[in-house]
Amino acid sequence: MTLLHLVLGDQLSHSLSALRDAKPQGSVVLMAEVMAEASYVSHHKKKIAFLFSAMRHFAEELRGRGFSVRYVRLNDPGNSQSLFGEVERALADTGASGVVVTEPGEYRLMDEMRGWQARLGVPVEIRDDDRFLISRAGFGRWADRRRELRMEYFYRDMRRHFSVLMRDGEPEGGQWNFDKENRKSPPKGLKGPRRLSWRHDAITRDVLDLVEARFSDHFGQLRPFHFAVTAEQAEAEFEQFVTEILPSFGDWQDAMVAGEPYLFHSMIAVYLNAGLLLPLDVIRRAERAYHEGVAPLNAVEGFIRQILGWREYVRGVYWRFMPDYAGRNAFGAHRPLPALYWSGNTKMRCMASAVRDTIEHAYSHHIQRLMVTGNFALIAGLSVDEVCEWYLAVYADAYEWVELPNTLGMALHADGGLMASKPYAASGKYIDRMSNFCGGCSYDIKDSTGGNACPFNSLYWRFIAVNEDKLRGNHRMANILAGWRRMNEGKQTALLNRADDCLALLEKDAL
Ligand code: DLZ
Ligand code: SF4
């Protein structure tokens, strides 16, 4: 009796639940490059190249371990170009009597897979993805006990459960969170260290040619291509992060510097989310760096919180509230996504820098995503659907389970506060404090109402004014609403007029 073990492009872990009982004899592992997955949004070229190369390398590793692997390449004759079609073909060709798969990361695929057994006429077993540290059901039980789903409490429970950075039942250093120490403004000349880069082998060269030929109309620059494509390479990058970069990660976590896309960020989300690295391994390694005196507690705690707390939390929220979650739009934001999100052509230096980093690297760091492109989308009232689709397409680490809560919930507050206790709306002042963008910008950061005023300043106040009713119930917004009400009418009108001018320019692609 042969079983078909399906491994998806973001499931490249040897410990994957779908492979748990796979045997060199009696099992066929199926992996498939298909247009349905590669083009349901305009994925960045680098994202597709990374995934296809990592998939091909993973298939080679499985073969090296004696498995029989059916690997379907995008250009293979007969490729049906959908995962279902490839499972169907593989069943017919191998005579396998059932399918085993690990639950996919996206709702649309999960929904489709639930119908596979009836369509295929063989048992289809969908297993939990135990690469995550809490199951969907486990998160559900945690959430059932709560009135509000705040990440901070979830994170503390996870710290206790896994005994991470704990000492005698108390958090290491006497505090759960050291964020106050992690908000330093960047000094002049702040530069991130040089990162490892990998030579292309024959597999990567083939994939780059394939992506160039088949996805030329997709977003982003394909070359230079620098990602790790095996677990071994990803581990080497992570090791460089722990020893050379993590010590500074905490201090400069929220800093932004023109021409420095990475600064001190780990850049491991792309590998974690595809399965090349496993969360508990990286958490334990970072914890060890603290105990060995390699990195300070504020840096290690901040890093661990992203993985043990935030990453698991957003996945839990996603599955608990889908499919309804994707349709939420608390502020009724529908303005079409402006062309500058695809081109980077704008006089706003902070936006140009974030989008150009994205075009070049399929990456921009957390604060650029949240406080520049995300904040702008929030205060300009850009379409929630279009903004979410943009984030899903352009970042190499983006799959809907992680992208949607981060974009819709955290950046756009479109879930009405389910995740974040207040909207992350900010004027240009925040960007000026945390970056070196404003000095060299065409707009005047100090001005809010003139013809050359920083657009963030007026759009911020317009956002507050337009959404006053919706924000009134939020006590964390009380001071800001009071500030708006206290402002004299002339100033209010000037701000709203400047905001309208900015939105008109945005529509003409001239902001
Ligand atoms: C993102 C992606 C892309 C670009 N291509 C493939 C593919 O050809 N084959 C595949 O199995 N998976 C691919 N993926 C990842 C899937 O879209 C991902 O598994 C789902 O979105 C669920 O997270
Ligand atoms: Fe961005 Fe405004 Fe600063 Fe220009 S002045 S970089 S638009 S925040």
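User: What is the handedness of the crossing in which α15 passes α17?
Analyst: The crossing of α15 past α17 is right-handed. Please keep in mind that this is a predicted model.

User: At what angle do helix α15 and helix α17 pack, and how far apart are their axes?
Analyst: Helix α15 covers residues 366-379 and helix α17 covers residues 400-411; they pack at an angle of about 60°, and their axes are 10 Å apart. The two helices are therefore oblique to each other.

User: Which residues make that contact between α15 and α17?
Analyst: On the α15 side they are L370, G374, A377 and L378, and on the α17 side T407, M410 and A411. By class, the contact of α15 with α17 consists of five nonpolar, two polar and no charged residues.

User: And α15 with α19: within what distance do the axes come, and at what angle do they cross?
Analyst: The axes of α15 and α19 come within 8 Å, with a crossing at roughly 50°. This pair is therefore oblique as well.

User: Which residues of α15 and α19 meet?
Analyst: From α15 there are F376, L378 and I379, which meet F456, L459, Y460 and F463 of α19. The contact of α15 with α19 comprises seven nonpolar residues, with no polar and no charged ones. L378 of α15 also takes part in the contact with α17.

User: Turning to the ligands, how many residues surround ligand 2, and which are the closest?
Analyst: Ligand 2 is surrounded by 14 residues, and the closest are C350, G428, C438, C441 and C454. Two or more residues of this shell come from each of α14 (349-361), α18 (428-434) and α19 (455-466).

User: Which element gives the largest share of the shell around ligand 2?
Analyst: That is α18, with three residues.

User: How do the residues of that ligand 2 shell divide by class?
Analyst: The shell around ligand 2 has 11 nonpolar residues, one polar residue and two charged residues.

User: Now the overall layout. Into which domains is the chain divided?
Analyst: The assignment gives domain 1 (3-127), domain 2 (136-196 + 227-321) and domain 3 (340-507).

User: How far apart do domain 2 and domain 3 lie, and how many residues are in contact?
Analyst: Their C-alpha centres lie 25 Å apart. The contact involves 20 residues of domain 2 and 25 residues of domain 3. On the domain 2 side, α10 (269-274) and α12 (297-321) each supply at least two residues. The most comes from α12, which gives four residues to that side. The domain 2 side that touches domain 3 has 15 nonpolar, three polar and two charged residues.

User: Since α12 came up, at what angle do α9 and α12 pack?
Analyst: Helix α9 (residues 231-249) packs with α12 at an angle of about 95°, the axes being 7 Å apart. That makes α9 roughly perpendicular to α12.

User: Which residues meet there in α9 and α12?
Analyst: L246, P247 and F249 of α9 meet A299, V300, G302 and F303 of α12. Six residues in the contact of α9 with α12 are nonpolar, one is polar and no residue is charged.

How values were computed. Residues are numbered from 1 along each chain as its sequence is written. Chains are lettered from A and ligands numbered from 1 in the order in which they are written. This is a predicted model: local features need pLDDT of at least 70, side-chain atom pairs count only at pLDDT 80 or more; totals for chains, interfaces and linings use all residues. A residue is near a molecule or strand if its C-beta atom, placed from the backbone, lies within 6 Å of it. Ala, Val, Leu, Ile, Met, Phe, Trp, Tyr, Cys and Pro count as nonpolar, Asp, Glu, Lys and Arg as charged, and the others, Gly among them, as polar. Axes are lines fitted to C-alpha atoms, for helices over the stretch in contact, and angles run from 0 to 180 degrees between N-to-C directions. Angles under 35 degrees count as roughly parallel, over 145 as roughly antiparallel, 65 to 115 as roughly perpendicular and the rest as oblique. A crossing is left-handed if the near helix is turned anticlockwise from the far one by less than a right angle, and right-handed if clockwise. Two residues are in contact if their C-beta atoms, placed from the backbone, lie within 7 Å. Domain bounds come from an automatic or database domain assignment.
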